[in-house]
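Subject: Structure handover

Hi,

Here is the structure I promised you. Please open it beside this email and follow along.

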Amino acid sequence: MHEKVRVNPGRCNGCGECLVHCPKGPRIFKIVDRDDRKVCIVMDASFCLGCTSCLTRCRNAAIELWKGG
Ligand code: SF4
Ligand code: SF4
């Protein structure tokens, strides 16, 4: 069982705070251009340690974190 992390693209403004403060940031998050705006996508949630740093840093409550199977 490992952590699962997901970004809600409707709430995300692509600020990058999650990527910067995540201990595995570049392995998990990536900021991309989509529909003329920036948004963060999760590339590989399997690297997530469940530290909740991204949750704390995201001012838009765009991140969902839960225990996955
Ligand atoms: S919970 Fe921690 S390790 Fe997992 S994505 Fe968020 S900041 Fe990264
Ligand atoms: S911190 Fe939140 S708003 Fe900023 S890029 Fe990450 S998910 Fe998007």
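Below is what I found, topic by topic.

A word of caution to start. This is a predicted model. Every value below is computed from it.

**The two ligands**

Start with ligand 2. It has 13 residues around it. Those that come nearest are Cys12, Cys15, Gly16, Cys18 and Cys58. The shell holds eight nonpolar residues, four polar ones and one charged one. Cys18 is buried, at 9% relative accessibility.

Cys51 is partly exposed, with a relative accessible area of 42%.

With these cysteines in view, how many disulfides are there? The count is zero. As a reminder, a disulfide is a covalent bond between the sulfur atoms of two cysteines. To be counted, the two sulfur atoms must lie within 2.5 Å.

**Salt bridges**

There are two salt bridges. In one, the side chains of Glu64 and Arg6 meet at 2.8 Å, N to O. Glu64 sits in strand S4 (residues 63-68) and Arg6 in strand S1 (residues 2-7), so this pair ties together parts that are 58 residues apart in sequence. Glu64 is partly exposed at 31% relative accessibility. Arg6 is partly exposed too, at 44%.

The other salt bridge joins Lys38 and Asp33, at 2.9 Å, N to O. Asp33 counts as exposed, because its relative accessible area is 60% and the cut-off for exposed is over 50%.

**The nonpolar core**

Next, look inside. The largest nonpolar core has 16 residues. Which of them have the most contacts inside it? They are Val5, Val7, Phe29 and Ile63. Strands S1, S2 (29-34) and S3 (37-42) each supply at least two residues of this core.

Take Ile63 and set aside its neighbours within four places in sequence. Arg6 is a partner in the salt bridge with Glu64.

**Arg27**

Arg27 is in helix H2 (residues 25-28). Arg27 is partly exposed, at 49% relative accessibility. Leaving out neighbours within four places in sequence, Arg27 is in contact with Met43, Asp44 and Phe47. Arg27 and Val7 are 20 residues apart in sequence. In space they are 15 Å apart, C-alpha to C-alpha.

**Two positive phi angles**

Two backbone angles are worth a look. Thr52 has a positive phi, near 70°, and is not a glycine. Thr52 lies in the loop between S3 and helix H3 (53-57). Thr52 is partly exposed, with a relative accessible area of 35%.

Ala61 lies in the loop between H3 and S4. At 54% relative accessibility, Ala61 counts as exposed.

Best wishes

Technical notes:
Residues numbered from 1 in each chain as written. Chains lettered and ligands numbered in written order. Predicted model: local features only at pLDDT ≥ 70, side-chain atom pairs only at ≥ 80, totals over all residues. Heavy atoms only, no water. Near = heavy atom within 4 Å. Nonpolar A, V, L, I, M, F, W, Y, C, P; charged D, E, K, R; others polar. Buried < 20%, exposed > 50% of the residue type's maximum accessible area, 1.4 Å probe, protein only. Salt bridge = Lys/Arg side-chain N within 4 Å of Asp/Glu carboxyl O. Helix = DSSP H or I, 4+ residues; strand = E, 2+ residues; numbered from the N terminus. Core = buried A, V, L, I, M, F, W, Y, C linked by side-chain atoms within 4.5 Å. Contact = heavy atoms within 4.5 Å.
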